[in-house]
Amino acid sequence: MTCAACVGRVEKKLGRLDGVAATVNLATGRATVSHPATVSVTDLITTVEAAGFTAQLPEPAPEADPDPEADPEDRLSPTDRPDAPGSQGSPDSQDAQDDGARAERHRLLVTALLSLPVLVLSMVPGWQFRDWQWLCFVLAAPVAVWGAAPFHARALRGLRHGAATMDTLVSLGVAASFLWSAYALFFGGAGVPGMTMPFSLLPTAGDGAAHLYLEAAVGVPLFVLAGRRMEARARRGTGAALRALAELAAKDVAVRTPEGERRIPVSRLRVGDHFLVRPGERVATDGTVVEGSSALDLSLISGESRPVEAGPGTAVVGGAVNSGGLLEVRADAVGADTQLARITRLVEDAQTGKTKVQRLADAVAAVFVPAVMTVSVSVLGFWLGAGAEPQAAITAAVAVLVVACPCALGLATPTALLAATGRGAQLGILVRGPEALERLRRIDTVVLDKTGTLTTGRMSVTALTPRTGGLDATAALRLAATVEQGSEHPLARAVTAHAEERQPGQPLPPVADFSATPGHGVRGTADGRRVEVTRPGDVTGLPAPLPDAVHTAEAAGHTAVLVTVDGTPEAVLAVGDALRPDSYRAVDRLRRLGLRPVLATGDRAATARAVAGHLAITEIHAEARPEDKAALVTTLKEQGGRVAVVGDGVNDAAALALADLGIAMGSGTDAAIGAADVTLVREDLQAIADAVHLARRTLGTIRGNLVWAFGYNLVTVPLAAVGLLSPMVAAATMSASSLLVVGNSLRLRAWRPRGAGTSARRPHSPRAQARWETR
């Protein structure tokens, strides 16, 4: 496909099949087709071929091994084995693409070598020696026939199928210029010895037929071939992020077996296999660390720059780079089920879709080429009827054919989407499609879940207050953790985890005489001292400042835990779901974008008020069940709001699906991610504001591209029609318009979020102020 008219033809042909809907992307050369079972894939491919193109299915994901218990070495197919012939070769499809690129480059080089002398002699009258015109004719003939052969072939193929494209316009322009020049040389007097021809960028009336347009016959294919080559290189640049994702996948992996270590292709890896990841290697697939510890670099997957520590029991993601020690990992997902594969599919789907304005542009492009051909014939007839010289009439008609450019219309949206969705993926923002980008730009209300969205979703110690004159905080925490290690309660796990963070590498001593009372707490002997970790009752008898610590914890919606040692209250621990470190700045950035934050949580009102107070959110909906959240979204929409919902749990799925836009945290459940339009892969709430910024920038780029594409044709076609553009200048202008559109889209690859990392507005409440200062 070469222009939007090609896209329209394929979509139109497929759309004529019963129950079939198709979206075709010019920039990626991909089609997304939904069809009933009665229409087979073979029927779809045949229909595309009937439209004058070829089609094939994408390569399928690796099939499950019929015998997962087989020895990994036995899973090697003949071509997978390192010593197999051809094992190092590229796939056939890649070879074909490389061969095609080399052929295009060769055609462009030969065309340039033959065309440059013709252009120089035609444009510099002082260099026109005796019989120069015949040399130009000899050099121009292979350019007009062989150099422009791809345009002629595609034009004829289109005409056989009753359609016209940009190639039709180029082919007709080259043929008209060359055939008129041949007529002038052989029959019109332009071939006489000593003939000279002045040159002007504006077409001028000449002496009857004694005028040549060989510079147009060679200039049009030269400029269009050069423009399309540069355009193809630029378009490959817009998809660089997607190719980077594909390159993250490891090619082979060292699998540990009872007989020892063996390397097999990743495609042969199966769930349950144990594989090794050495320093500097990529994790082959999603799994769980069985042995070893290291730091993993996830920057290319989630946009998170900080390395993530991994040890036994840690879940790891395929594509992550091992920065430290040796890891043994158990494979939990392979092939299309991995997180990297899901990210790649989401990005591909987003790049295949179309915005509403692009559908309008494609509809215009579908009738644009026939309209241009009609205008060209009308211009030819008008000029001849007005008594103009034939060559002036032909010049104007050819210029109209060549200057009209639906290529820019077809590239305006897909190149911007390619660049934007790829850049979003690099930043940890996955957008399901262009419709989601449009809605993301227009939202004015954001409904935020609390647990797992604004907070970490994990219980942790948020405050530790020792009594005055008693044990210090570290000693009290260590005794409490020693007793709590005998319990599986979430509060107990939070206390022991906090102790390990405060004193890493120092194991807790064993606990003796341990007992637990449901709903009350635990007790035991640690380091020879009787320790109780319980819920505080009446706080009036507690030593200072423990009563205040209990009240502060309860006001924040957290759980207060009293640590008593040998019968003396020594400390109060506040345990709760802590806010994410970036929550305040993220909410503040949303406000500065003109968005209205709303907190909706199933948690208690006190907890909700505490979180809202920290984040300066004034609209709170606490103790909200899933159906309550869905009803809230409906109410906000009825009030005229364009609502986005941010959540991570199953209880958020209904609201996510009902909202104008659903945003899921990447750490959330599959149900939430499946119902969302945008997924935030990185654990950073500021990605919500980044996504809104990116959407606004992308839609602005698309609008700019389309304004240029439409405006270019509105200006240049009339200029060509009245004889103010020569065909050669028209060809250069046409190629430049497509390059400008692609170049404008490429700017999105370097886009950086605004406002992230800058000083945000200060919190309102003293408590929030204190949290802000510590941050």
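Trainee: In this predicted model, is Y712 buried or exposed?
Mentor: Check the relative accessibility of Y712, which is 4%. The cut-off for buried is under 20%. So Y712 counts as buried.

Trainee: Is W708 buried, partly exposed or exposed?
Mentor: W708 has a relative accessible area of 36%. Buried needs under 20%, and exposed needs over 50%. The value for W708 makes this residue partly exposed.

Trainee: How many residues apart are W708 and Y712, and what does that make in helical turns?
Mentor: Both residues lie in helix α24, which covers residues 686–721. They are four residues apart, so the separation is about one helical turn.

Trainee: How many aromatic pairs does the structure hold, and is the pair of F137 and F178 stacked, tilted or edge-to-face?
Mentor: The structure holds seven aromatic pairs. Planes under 30 degrees apart count as stacked.

Trainee: Which helices hold F137 and F178, and how far apart in sequence are the parts they tie together?
Mentor: F137 lies in helix α4, residues 132–147. F178 lies in helix α6, residues 166–187. The pair therefore ties together parts that are 41 residues apart in sequence.

Trainee: Are F137 and F178 buried or exposed?
Mentor: F137 has 15% relative accessibility. F178 has 13%. Buried means under 20%, so F137 counts as buried, and F178 counts as buried.

Methods:
Residues numbered from 1 in each chain as written. Predicted model: local features only at pLDDT ≥ 70, side-chain atom pairs only at ≥ 80, totals over all residues. Heavy atoms only, no water. Phe/Tyr/Trp six-rings, centres within 6.5 Å; stacked < 30°, edge-to-face > 60°. Helix = DSSP H or I, 4+ residues; strand = E, 2+ residues; numbered from the N terminus. Buried < 20%, exposed > 50% of the residue type's maximum accessible area, 1.4 Å probe, protein only.
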